[in-house]
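Please look over the structure below before reading the notes that follow. They are grouped by topic, so that each point can be checked against the model.

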Amino acid sequence: MYLTNRHISRRTVLRGVGATVALPFLEAMRPARAAASALDVAGATDPTRLVCIEMVHGAAGSNEIGAQKNLWAPAAEGSDFDLGPSSLKPLEAYRDALTIVSNTDVRNAEAFTAREVGGDHFRSSATFLTQARPKQTEGSDVEVGISLDQMYAQRFGQDTPIPSMQLCIENVDQSGGCAYGYACVYTDTISWAAKDRPLPMVRDPRVAFDQLFGAGGTAEERSARRRADRSILDWITSEVGRLSADLGSTDRHRLDQYLEHVREVERRIHRIEAHNTSGETRELPEAPIGVPDGFEEHVRLMFDLQALAMASDMTRVFSFKMGRDGSARIYPESGVPLPFHPASHHGGKEDRVDKFAKINEYHVSMLPYFFDRLREIEVGDGNLLDKSLIIYGSPMGDSNLHNHKRCPLIFAGGANGKLQGNQHIKAPDGTPMANAMLSVMHKLGMDDVESFGDSTEPMTIT
Amino acid sequence: MRLRATKSRAAALPLLAAALLLLAGWRPAGKTSAEETRTTETGAEEAAVADEVALSQKFLLRNCRACHNARIQRGELDLTSLFEEAPEQHPVLAEKVIRKLRTGLMPPPERPKPDPGDVDRVASVLERRLDDRSARSPQPGSRPFQRLNRAEYERSVRDLLSLEVDAAAFLPPDTVSHGFDNIADVQSLSPTLMQGYLRAADSVSRAALGDPTAEATEVTFKVPRTRSQMERAENAPVGTRGGVAELHTFPATGIYVFKIVLHSTPTGQLFGSTVQGEKLEISVDGERRAVLEIDPFMSESDPNGMNLQSEPVLIEAGPRWVSAAFLERFEGPVDDLIKPIEHTLADTQIGLAHGVTTLPHLRSLTISGPSETTGASTSPSRQKIFSCRPTSASDEIRCAESIVERLAREAYRRPLETEDLASLMGFYEGAAGERGFEAGIRSVLQAILASPHFVFRFEPVPEDTTPGSTYEVAPASLATRLAFFLWGTAPDDELLSSSAALRHSDGIEQQVERMLQDPKAEAMASRFAAQWLRLQDLERLHPDALTYPQYDERLAAALRRETLLFFDHLVQTNASAAELLEADYTFLNERLASHYGIGGVSGDTFRRVEYPDDRRRGLLGHGSILALTSHANRTSPVLRGKWVMEVLLGSPPPPPPPDVPELEATDDVVGGKALTVRERLEEHRANPACRSCHRVIDPIGLALENFDVTGSWRTRDNGEPVDANGELFDGTPLRGPSDLAAALGRKQEVLMTTLTENLLAYALGRRLEPEDMPTVRSIVRRAAEDDYRMRSFIMGVATSAPFRFSQLQPGASSAAGGR
């Protein structure tokens, strides 16, 4: 693991001093699971782990030339597809765990009114996991829809100490990041706990680590700190009662929300306590020191944390935003020294489209590292990759035109046997991406969900 | 908490409306109530009003209808209702028209130019109608309660505990709206945020008291690759080069180990191995504590790789400057075949070539410890906290109460109630019973820092306030508003205790004067101006290291500092805001002066410097602005033009249509000749879809083409002479930066309006609405009478109605009213 790799750990991880943390790991919990009924309902005791990854700016393969050259979607459907020309090439070694769903559209990211024309970069991300149409506003009355990861977390994430986590790579506080009358939060996050409740994403690996495992050097110390937090939370609840009498109803409503969060944090602490008293304990690698310099180092560290969190069963649901719309970041390792956003406006010229495909390929090449980590972790009768469903895609298609057609979308992992892998499914023209998402929900055990965003029917994905 | 307003104030609401009118200088002067205003508008006056409205409608029909009618709607703007109805019935449209007319952006160049006198008259009529309407029914507006953002949290902790903390380590990033990070209605709450405040409370309370039982941990300071390793780092001992110097709070007196990592080449050898005998010194508060010898043959494949560490060192608890820096062994230029760039680490391979002298670079410093702790000694934060010491066991409660009382009052920013103290003392008793007096105090401090009273800024609503009605912000809340506006932090004792005087403009002005003299007023520059001018975007810029080798972290910091010092100077000397564009001086240190090509400045200290020529004037001559509006490898006249339009003129250009290629997609070489940025832009503009906007935006930026990506002066771009000629959208010919500054200077009122809008939005923590524009205009008018001096804007905002009053949102009711 990256977190424990000596060569890298020097730079990204706190070492020495022997501050390790004891936590039960999944293997330790195996006996309990084995004891369960043979007819074990996968969805109930061992739900599929869900990781939703967004990359922005679509793909070169969504453009006309790019499609002809199979820069994203391979030519052949079914199992006998060639990844050679595609930006998906780095996944060749994992083709058995790969399901490509091509040719779907994210229609709710398109403009519906004259005012919305041109605002694609500033509403796309909000659309990715919600497949809903963001309300054009700069105020607090933001509205889009509940996101897939949150629907899942609210139903199946309640058994872990943390129902879900949201991570990101790019900084959010630069100006000009949002415009066209769209609130910044549409660009900042892909996770929505309700149609009007955006969730902040964590960029600093150290903050994510502390959220997962708490601060404090030893298990006893962590436990003492959690007790202190609990008594503070109790106290806050009573303080809020005293406060609200003096406030207007808007503020009282805001305080009610705050109280809900207080209770949620209490619940998490309670879960951690319960969790820690079960199973055998293992040592945790030490906490990372902050945001690393490079993109790749940062992404890998975030993947380490996700694998680690799932290995210790702290949470089973992640959303991970690997880019930010309009970003002009240069990825030197991609071999293309062009800033991301300008490169995405390739003007439909073949050489520029090819260069953009290289950047897409570089982003995809981040994934095998994560898959390796997941596959290394043995759980019950398989490994975590078999038990996970990873979504990777973009709510934009041809970024040169800002359209949302033929958007990149792949699934990876076995989803507890629900995805056979080595598949390329090409949707009929005009199929909403929401159809594929709806199908995913059914595979995740949310069979009763009948529609999602602008879905028309679930797609057949095996 | 019981902070209700008294009955008598609630009953005085009608009088408040009158006060509001007077406050903001609303017209017509002398009228004392809304009723009266309405009844006097009779006979001759009504006729005059009808006349001027008719006149403005005629003007709009003649000059705007061709494009902005119900059918064509250029720019999605249909002005039909303004042609037919009174402007005050359509404030949103009318404000748009005023802005375009005042800026001179409309009618566009290809349309006949109306007489400037007419333009001014019509804009004035529209303004007057809107201002009168606002005077008849004042709308101070409202916002939800604010929470402490990262910057405010850090400053509040600094004031409360004399402790420096990095809030980014705990709190999620702040959502920015309209350029500011304190806009209340986008400050969303979440469990992640809640946990952030909790973790911060725990960690900050430990750091403040010092922790004799502190577990060993590690804290690492990274050295950016762009930090020069040739020059001495700020706060590092004299006689050293490079490295890092940071203020670190040692939690307890005990044994610490310092670890460093050096940079290696891509193949794993030490970077900078051409010299032998390099040494790195670890110092604490300027005193040498360890010297590490650097073996030029060290390699990644060694057991310890690029790591070195000191012997264990005993360090006393408290905040101390820690530096890890190389001992300087020679000075002056090295006679090399190739001169390495200013020792940024753009390329670690350079050290492999012969004929290049390279020196080792520090990658990070880690402080590890403590072990064998012997307790916590004195530190500024402990002195701040322990205002008394119990003399006996029976004295502990009394002393604890007095400490808690003071800390909580300061943290809650209001007088305490009996319940407040009682509930906090519960935490003291719990922890003190088990682990003693200090543990008890720490436990209370942790609760205070996590409490909603600290992290939120509640503003109580007076009893019986009805939805939609206006009420005076309670004095303690107003004191808090003032403190966060001017200082970016909580009010001090004097402000809180004189809050009753804040009911009157005189009282507010007195406090503002006092507060601006406090060093904390630097927040006007570092919080307000930095965000208004978008200085945070400097962090995003990493100019191409091979084209701009002189750009390193220290230069970037100097650029930012120049602009902050300049703005702070304007506030402190109460200079005219016109200086923002016109100042013929700036603030430089040696590094920046040589970057600008100005001689006679030596040393690291910034000082006021008069420009020797007219190349640079005001903000548009600041490298910070010129750099943050550039790309890594080229200047961007478009970004520069856009910045001027958005930040200074308050008129953001419309966004580009989606299918237009960016400049990068136009060819940069034609016929074997590399094009200048101007030539590439001209290619780009050949597209008619682009031209209508870019002929407004580009000339502004092109006038600044003599400034390169890093803001230094140049006369050639890609080998061709720089051509900075152009024509401003209002027809003024431009031949370079000084023409641009002068032309924009003639639009003084527009600049002043934009400054006021930003200042007001920042002070209120909400975006401005068309209903706020009458307030903005009245502040600008009053500032005009005072030569647009900076303090008249600040005073204008602090005494304005939206700052002193609030409105219960329609449909909402106060708790009291709802009962």
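This is a predicted model: local features need pLDDT of at least 70, side-chain atom pairs count only at pLDDT 80 or more; totals for chains, interfaces and linings use all residues.

**A helix pair in chain B**

Helix α18(B) passes helix α19(B) in a right-handed crossing.

Helix packing
- In chain B, the axes of α18, which covers residues 523-532, and α19, which covers residues 553-572, come within 9 Å of each other and cross at roughly 115 degrees.
- On the α18(B) side the contact is made by Met524(B), Ala525(B), Ser526(B), Ala529(B) and Ala530(B), which meet Leu564(B), Phe567(B), Asp568(B) and Val571(B) of α19(B).
- Sorted by class, the residues in this contact of α18(B) with α19(B) are seven nonpolar, one polar and one charged.

Cis peptide bonds in chain B
- The peptide bond that leads from Met106(B) to Pro107(B) is cis, with omega near -10 degrees, and Pro107(B) itself is found in the loop between α6 (91-103) and α7 (116-136) of chain B.
- Gly369(B) and Pro370(B) are likewise joined by a cis peptide bond, for which omega is about 0 degrees, but Pro370(B) lies in a strand, namely β10 (residues 362-375) of chain B.

Positive phi outside glycine
- Glu372(B), which also lies in strand β10 of chain B, has a positive phi of about 45 degrees although it is not a glycine.
- Glu372(B) counts as exposed because it has 12 C-beta neighbours inside 10 Å, and a residue with 12 or fewer is classed in this way.
- Asn422(A), again not a glycine, has a positive phi of about 50 degrees, and its place is in the loop between β12 (409-412) and β13 (423-432) of chain A.
- With 16 other C-beta atoms within 10 Å, Asn422(A) is partly exposed.

The sheet in chain A
- Seven strands of chain A form an open sheet with mixed pairing, and their order is β4-β8-β2-β11-β12-β3-β13.
- The edges are taken by β4 (165-168) and β13 of chain A, each of which has a single partner strand, so one side of each is left without a neighbour in the sheet.
- When direction is ignored, neighbouring strands of this sheet are turned by 15 degrees against each other on average.
- Strand β3 (residues 98-105) of chain A runs antiparallel to β12(A), and three bridges join the two strands.
- Within this pairing, Ile100(A) has Ile410(A) in β12(A) as its bridge partner.

Definitions and conventions:
Residues are numbered from 1 along each chain as its sequence is written. Chains are lettered from A and ligands numbered from 1 in the order in which they are written. Axes are lines fitted to C-alpha atoms, for helices over the stretch in contact, and angles run from 0 to 180 degrees between N-to-C directions. Helices (H or I, at least four residues) and strands (E, at least two) are DSSP runs, numbered from the N terminus. A crossing is left-handed if the near helix is turned anticlockwise from the far one by less than a right angle, and right-handed if clockwise. Two residues are in contact if their C-beta atoms, placed from the backbone, lie within 7 Å. Ala, Val, Leu, Ile, Met, Phe, Trp, Tyr, Cys and Pro count as nonpolar, Asp, Glu, Lys and Arg as charged, and the others, Gly among them, as polar. A residue is buried if 20 or more other C-beta atoms lie within 10 Å of its own, exposed if 12 or fewer, and partly exposed in between; C-beta atoms are placed from the backbone. Two strands pair if DSSP finds at least two bridges between them.
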